Amino acid sequence: MKLTLRIWRQKDAKSAGRFVTYPIDNISPNCSFLEMLDILNEELIGKNEDPVVFDHDCREGICGMCSLYINGRPHGPDDAVTACQLHMRKFRDGDTIIIEPWRARPFPVIKDLMVDRSAFDKIIQEGGYVSVNTGGAAEANNILVGKEFAELAMDAAACIGCGACVAACKNASAMLFVSAKISQFALLPQGQVEAKQRVKKMVKMMDELGFGNCTNTYACEAECPKLISRSNIARMNREFLCAKVS
Amino acid sequence: MNSSFLRFSSITKKIWMAFLGLFLMIFLVVHLGINLCLLRNDDGAWFSAAAHFMGTNYIVKVFEIGLFAGFILHVLFGIILQVQNWMARPVRYMVTNKTYTPFLSKYMIYTGGIVLVFLIIHFMNFYFIKLGWVANPNLAPDGEPKFYVIARELFRSPAYSILYILMFIVLGFHLNQAFQAAWQTLGVNHPRYNSFIGRFGTFYAIIVPLGFIIIPVYFLLIR
Amino acid sequence: MAELNSKIPKGPLAKKWSQYKDHQNLVNPSNKRKLDIIIVGTGLAGSAAAASLGEMGFNVKIFCYQDSPRRAHSIAAQGGINAAKNYPNDGDSIYRLFYDTIKGGDYRAREANVYRLAEVSNSIIDQCVAQGVPFAREYGGSLENRSFGGAQVSRTFFARGQTGQQLLLGAYGALSRQIKLGTVKLYERHEMMDVVLVDGKARGIIARNLITGKLERHFGHAVVIATGGYGNVFYLSTNAMGSNTSAIWQIFKKGAFFANPCFTQIHPTCIPVHGDYQSKLTLMSESLRNDGRIWVPKNKEDAEAQRHGKLKANDIPEENRDYFLERRYPAFGNLVPRDVASRAAKERCDAGYGVGETGLAVFLDFRESIGRLGKHVIEERYGNLFQMYEKIVDENPYENPMMIYPAVHYTMGGTWVDYELQTTVTGLFAAGEANFSDHGANRLGASALMQGLADGYFVLPYTIQNYLAGEIRVARMSTDRAEFAEAEAGVQERLDKLMSVKGTRSVDQFHKELGRIMWENVGMGRTEASLKNAIELIRRLRAEFWKDVKIPGAMNELNVELEKANRVADFLELGELLAHDALNRNESCGGHFREEYQTEEGECRRNDEDYKYVAAWEYLSEGEFKLHKEDLVYEEIEVKQRVYK
């Protein structure tokens with residue numbers, strides 16, 4: 001395959017960035033998207049140019065590190081995959097592919113396509129856990145959890161924290177990410193004790209960090225590589241409302 | 001503007017948006033009921049009676065204050081949310097987002113804005129006359145505006161009627177997205193009820209604007 | 001250098017751990033605040049240890065090279081975590097879990113450590129459930145178990161095919177809570193470059209801020225390395241791209257012995273290699289072997305025709321298929337342990353029966369089980385794996401058999417540690433996959449998560465106190481000390497050297513070349529000749545690397561190529577040690593298969609007489625290592641031949 005890549009290049013957080021065009025040839029359709037970028041980087045190194053910086057690690061769709069906005073869609077044109085599991089067969093020979101970093105005020109660009117997502121960590125630090133010290137746990141089967149709730153909690157817990165929901169949302173809202181964690185604990189008995197504090201604190205931090213507001217376009221759900229449902233957002237709203245009025 | 005609105009959390013603002021939106025949707029049905037009186041071939045007797053009742057009844061007047069407060073807050077929150085949303089992405093994408101989203105769901109602020117512009121025109125034609133802010137020749141001897149005459153004259157103007165019809169189509173899209181979104185925001189999302197909420201919203205968004213649209217069509221084509 | 005002292009407590013096996021805890025030294029709460037602990041790595045072991053130590057009141061600094069602790073590669077573990085809860089009432093016990101793990105490791109693990117692992121396994125499940133980890137449940141609401149390779153009981157707890165993710169997020173939550181409380185300080189996008197020793201004790205690290213490229217000095221009363229395994233020495237593996245050996249290699253150079261480097265695990269069910277641009281191998285959970293049948297064509301002509309696309313798998317009739325695992329191992333069939341299954345697949349492919357474009361693949365066929373159970377059952381059990389396979393390979397596994405091939409997965413070897421998880425350097429500890437202790441020569445499925453969390457939650461937070469209790473009078477040291485300056489200068493010199501090569505070949509080219517040498521010579525089948533060849537080739541490649549590597553960019557900025565070069569430089573040294581160790585071990589056991597040492601049926605021939613020891617290597621100079629032996633004494637169990645027939 002022969003492709004034209006237009007990639008956002010930005011030296012560091014302070015510099016201004018721009019798009020640079022790179023032609024690339026001899027790409028196998030079985031190649032993954034990131035492997036295609038590896039090949040480009042090999043060529044750039046060969047030409048004494050700076051390789052394109054992008055976040056990636058596990059390359060099996062679970063670590064949540066890869067974060068590319070490809071031709072107008074986070075993680076590219078395939079559904080329910082991360083960029084590392086996107087394969088070049090989803091493109092056509094001769095295509096132009098435009099690659100941008102995630103764009104959101106709380107996700108500043110570090111270099112090229114790499115952004116800082118520590119905002120997500122900060123939200124989790126506010127209460128995305130059950131406060132239980134090591135060693136203080138009771139016998140596991142003393143806590144019974146209905147299969148239905150366990151499954152729903154698992155659906156929500158599958159979030160990989162990649163930020164595609166924020167990248168896709170026209171408002172750069174983090175509601176899907178935050179609600180997935182809130183939901184997981186709202187559905188489990190372990191999460192009940194701190195439920196009210198959790199939702200209030202996490203939402204407060206989400207707002208403070210400058211994420212946008214949800215306007216129910218559900219772009220987040222459509223782009224989530226783990227198919228996290230918007231019903232989690234409704235559940236968070238419910239939890240929030242209950243926490244505020246009671 | 002009260003700065004405490006800004007300090008409301010994003011979800012609080014949205015819950016108010018949803019709650020007020022649903023409230024306005026109830027009002028719209030009442031308004032439609034009165035407007036449909038125009039269709040009676042009685043020279044506006046029913047319509048005038050209804051308008052008179054709405055204009056003088058004290059309970060209605062109390063509701064009116066609530067309605068206006070609700071309306072203003074709905075607009076205000078909508079604007080605040082939108083400004084924050086724009087601020088959340090200072091550097092925009094070069095490629096416009098291609099994610100699949102429900103029809104016009106991304107444009108609520110614009111459909112809402114169009115409705116708002118129309119409403120201002122609407123107020124100038126009717127409500128402000130009642131308040132005496134806008135002068136109008138069509139006053140009854142006791143000083144009460146003759147709304148039936150005003151309405152009839154407006155609907156006989158094709159330009160106004162087309163504007164009116166287009167506006168209600170836009171409102172229909174706004175409502176179609178708004179109804180299910182309001183319930184989602186209020187936390188009502190359950191596989192058992194979602195499709196009912198969705199269908200009811202669409203039904204409402206077609207029937208109510210259609211009810212309004214029938215009136216200018218009637219005046220233009222039949223009378 | 002001190003002789004190896006494994007510090008195994010006295011007393012009967014089942015009582016060792018509780019007696020140790022009863023008599024160990026503790027640190028009182030007011031002193032805990034005065035003690036700093038550095039933890040490198042935020043996987044299961046690192047995050048769990050940091051959270052637990054933070055809860056106790058210690059001052060913890062934790063480092064990871066990724067942008068968030070949640071990215072650590074523990075997240076990719078699919079299958080499950082073992083514990084001896086005996087919920088299914090099938091006769092499981094701590095002893096059985098201990099015994100299966102020792103046997104699965106081919107009698108090359110330390111008995112007391114493994115027993116302790118089995119002992120704390122139940123507490124791990126309790127802890128994780130309390131944290132809200134969404135484990136699979138029965139309809140009655142109790143925890144569900146499934147079976148895994150190498151065991152006759154169902155003792156594996158799981159959260160769909162994402163158990164590692166859920167356990168890591170549980171630990172990450174606990175860690176986040178401590179970060180918020182201020183007991184733990186997080187340094188993300190930081191890579192440890194070296195350990196700092198003061199008077200022979202580990203007292204800090206030199207870390208590189210990967211964003212600014214600046215070197216930083218950090219003090220700690222103790223240092224814990226939890227940086228995972230070194231499987232990426234093979235370039236292609238199931239590890240994350242960033243997984244590296246640098247931390248354990250740097251401490252090796254500072255005196256921490258490296259144990260059993262040749263014990264590497266090859267996982268049988270991975271998606272085969274498809275091109276030289278490939279960067280990574282994707283694992284398909286071992287659980288697939290519960291319902292899938294592994295086969296190759298019986299006739300070479302069929303295999304050849306399939307390779308050239310002239311024959312489809314489904315067109316090969318039943319009588320012309322060779323279900324080689326069922327044929328060779330009728331008792332365990334497709335559920336033999338990983339090392340056995342991997343070798344059998346390689347044997348068939350080497351003999352010319354392999355399928356796929358490269359001939360390096362075997363079929364994993366669900367036709368029979370789909371016919372027996374229905375497609376919906378298979379979909380329910382493995383839906384996400386089938387989907388993943390289809391995304392990568394672009395072929396529907398419900399209709400055509402999957403193609404799989406073994407790939408490097410886990411490394412049982414690692415930094416040598418004693419019973420307290422302390423390395424041969426005082427004050428320096430190693431936890432999780434980074435240490436060597438619990439899996440012997442082969443790891444059973446669902447044991448890695450168990451070990452990572454056991455070390456992190458329940459072992460290290462105790463044992464480290466036994467050391468720290470003696471350090472309470474040591475005040476926080478200034479990082480201006482000569483030892484820190486010296487260590488930083490050493491790191492700077494190495495980075496300068498890397499930057500100054502200005503050669504012609506990229507880092508990846510060297511890494512790929514190293515991987516090829518390793519896979520061909522030190523992979524699934526090793527011989528004396530191949531190992532000697534590997535050592536020779538690696539030395540040559542290493543020399544070439546330092547003469548010809550090309551790193552664009554500058555030092556004091558974000559420079560991914562420099563990061564990679566630094567890691568590959570260490571892999572180039574580790575590869576040699578790995579081959580050395582494999583050459584030294586004249587036997588076959590677990591994941592280490594020396595072709596000279598096999599039975600007539602092609603199984604491992606272990607040599608307990610001469611090699612029932614842990615090979616702990618000491619670094620002398622580049623390419624020079626000294627062997628120390630820790631004899632493995634089995635008090636409670638009888639060492640047997642491992643039979644799965």
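How many helices and strands does the secondary structure of chain B come to? I counted nine helices and zero strands in chain B.

**Ground rules**

I am working with a predicted model, where local features need pLDDT of at least 70, side-chain atom pairs count only at pLDDT 80 or more, and totals for chains, interfaces and linings use all residues. Residues are numbered from 1 along each chain as its sequence is written, while chains are lettered from A and ligands numbered from 1 in the order in which they are written.

**Entry 1: chain B**

I read chain B along its sequence and wrote down α-α-α-α-α-α-α-α-α. Next I looked up the box filled by the C-alpha atoms of chain B, taken along the principal axes, and found roughly 60 × 40 × 40 Å. Chain B has 223 residues, and 25% of them count as buried. Buried here asks for 20 or more other C-beta atoms within 10 Å of the residue's own, with exposed at 12 or fewer, partly exposed in between, and C-beta atoms placed from the backbone.

Then I turned to contacts, where two residues qualify if their C-beta atoms, placed from the backbone, lie within 7 Å. Taking the contacts in chain B between residues at least 6 apart in sequence, I noted that 75% join residues at least 24 apart.

**Entry 2: who touches whom**

Which chains share the most contacts? Of the two pairs of chains in contact, I found that it is chains A and C. Chain B and chain C do not touch, and their nearest C-alpha atoms are 20 Å apart.

**Entry 3: chains A and C**

Here 64 residues of chain C are in contact with 64 residues of chain A. On the chain C side, the elements giving two or more residues include helix 3 (44–56), helix 5 (111–131) and helix 6 (163–181). Helix 6 of chain C gives the most to this side, with nine residues. I sorted the chain C side by class and got 25 nonpolar, 22 polar and 17 charged residues.

**Entry 4: chains A and B**

In this pair, 38 residues of chain A are in contact with 35 residues of chain B. Which helix of chain A gives the largest share of the side that touches chain B? I found helix 8 of chain A, with eight residues. The chain A side divides into 16 nonpolar, 11 polar and 11 charged residues.

The contact takes 18 residues from domain 1 of chain A and 16 residues from domain 2 of chain A.

Seven residues from domain 1 of chain C and six residues from domain 2 of chain C make the contact. On the domain 1 side, helix 10 (residues 338–353) of chain C supplies the largest share, five residues.

Conventions: Helices (H or I, at least four residues) and strands (E, at least two) are DSSP runs, numbered from the N terminus. Ala, Val, Leu, Ile, Met, Phe, Trp, Tyr, Cys and Pro count as nonpolar, Asp, Glu, Lys and Arg as charged, and the others, Gly among them, as polar.
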